[in-house]
Amino acid sequence: METNTRIILICSGKGGVGKTTLTANLGIALARQGVCTAVLDADFGLRNLDLLLGLENRIVYTAQEVLEETCRLDQALVKHKQEPNLSLMPAGNPRMLDWLKPKDMQRIVDMLSEKFDYVLIDCPAGVEDGFRNAVAASKEAIVVTNPEVSAVRDADRVIGLLNTHGVKPVQLVLNRVRPKMIASQEMLSVDDVTDILALPLLGLVIEDEQVIVSTNRGEPLTLTGGNSPAARCYSNIARRLQGEEIPLIDPSKQGSGVRDKLKRLMQTKIF
Amino acid sequence: MTLRDIIFKLLGRQKTSASTARERLQLVLAHDRCDLSPELLDQMRREILDVVAKYVEIDIEEGAVSLETEDRMTALVANLPIKRSLVTTSSDNDETAS
């Protein structure tokens with residue numbers, strides 16, 4: 001069934017680059033903007049989205065019971081208390097992986113698209129069955145990566161697979177950016193990564209200790225509307241998804257002091 | 001290579017690690033993307049040359065077949081200088097006969 005629901009896969013290839021954190025923060029940010037959003041934990045093996053959203057104690061049913069038709073969709077959906085526009089579809093038991101097929105994933109996403117404006121799918125790491133199931137149900141994708149060789153290489157592989165599956169648009173989020181390291185050329189720059197991967201940049205997220213604090217509490221940074229660097233980055237990404245034009249600020253090109261200008265001069269590519 | 005890399009080089013110091021990362025990634029990705037071993041590429045090159053050689057006389061020494069990657073598109077680029085055509089049309093034959 002065709003709806004206008006935006007079904008967005010959040011994937012990376014490599015684990016630990018920030019897929020789940022991005023899914024949780026984008027979900028909350030979109031809900032705060034008044035759009036009805038569902039986040040689907042497609043990582044059945046190692047589910048964590050519930051924990052980052054602080055909803056781990058409120059799960060009764062999961063995607064498994066919905067697919068087995070032992071419960072209704074709305075019985076399994078966990079509505080966020082502070083942001084009722086956001087609901088979580090929890091991942092089922094890891095044993096589900098034995099029988100789960102792309103068409104099952106498609107079925108559950110179809111059900112969600114009847115009720116929601118946005119469905120964000122938190123993809124498992126890797127490019128095996130879990131990824132293939134999730135990609136089959138997705139229309140568009142956000143590839144998350146870090147400015148590190150292994151993360152960029154894995155992202156490249158995932159982008160290739162997304163292209164073959166006809167998923168588009170595919171946009172890039174560069175996570176855990178350290179402006180100081182970029183300025184001293186000890187980290188791949190934003191331009192380096194976008195040039196190599198040849199993807200439009202949806203946004204970048206500055207490395208921020210507050211992310212750890214927020215995951216400790218189970219309250220995504222965008223929930224409190226705080227003003228930490230990462231919180232602002234996440235809400236900007238949500239607003240760009242909604243079509244707002246918010247300029248991308250390259251942190252390594254900021255600063256008007258003599259030192260900053262000298263550092264920028266040193267970054268000039270000669271050949 | 002950035003300005004800093006050049007100054008570092010003059011001073012005999014190591015390149016910045018971001019430069020090294022960039023170069024290593026570009027190499028590894030070119031290989032990842034085409035998923036073709038050098039042996040297979042060479043075999044393909046020889047077979048392509050054989051086919052082309054049936055129709056035109058080519059300069060084998062000058063001929064080159066390579067993979068080039070740009071903007072996520074990998075292209076097979078063949079550069080085969082043609083010496084002369086081997087296939088003569090019937091009208092050509094008529095002309096030479098007369």
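**Exercise 1. Where in chain A is the place of Gln185(A)?** Then describe its backbone and its burial.

*Solution.* Start with the location. Gln185(A) sits in the loop between α8 (179-183) and α9 (190-197) of chain A. Helices (H or I, at least four residues) and strands (E, at least two) are DSSP runs, numbered from the N terminus. Next, the backbone. Gln185(A) is not a glycine, yet has a positive phi of about 60 degrees. Most residues other than glycine have a negative phi, and most peptide bonds are trans. Last, burial. Gln185(A) has a relative accessible area of 5%, so it is buried. Buried means under 20% relative accessible area, exposed over 50%, partly exposed in between (1.4 Å probe, protein chains only).

A note on the model. This is a predicted model: local features need pLDDT of at least 70, side-chain atom pairs count only at pLDDT 80 or more, and totals for chains, interfaces and linings use all residues. Residues are numbered from 1 along each chain as its sequence is written, chains are lettered from A and ligands numbered from 1 in the order in which they are written, and side-chain values use heavy atoms, with hydrogens and water left out.

**Exercise 2. Is Glu69(A) buried or exposed?** Locate it too.

*Solution.* Find the loop between α3 (63-67) and α4 (73-76) of chain A; Glu69(A) is there. Its phi is near 60 degrees, a positive value in a residue other than glycine. Glu69(A) counts as exposed because its relative accessibility is 62%.

**Exercise 3. Which peptide bond is cis, with omega near 5 degrees?**

*Solution.* Go to the loop between α7 (149-164) and β7 (170-177) of chain A, where Pro169(A) lies. The bond runs from Lys168(A) to Pro169(A).

**Exercise 4. Work out the surroundings of Asp43(A).**

*Solution.* Begin in the loop between β2 (37-41) and α2 (49-52) of chain A, which holds Asp43(A). Check charge. Asp43(A) is buried but has no salt bridge (a side-chain nitrogen of Lys or Arg within 4 Å of a carboxyl oxygen of Asp or Glu). The nearest side chain of opposite charge is Lys19(A), 6.5 Å away. Now the backbone. A polar atom of the Asp43(A) side chain lies 3.2 Å from the backbone nitrogen of Leu46(A). Finally, list contacts (heavy atoms within 4.5 Å). Leaving aside neighbours within four places in sequence, Asp43(A) touches Ala91(A), Asp122(A) and Pro124(A).

How values were computed: Lys, Arg positive; Asp, Glu negative; His and termini not counted. Polar contact = N/O pair within 3.5 Å; in protein donor to acceptor, adjacent residues only side chain to side chain.
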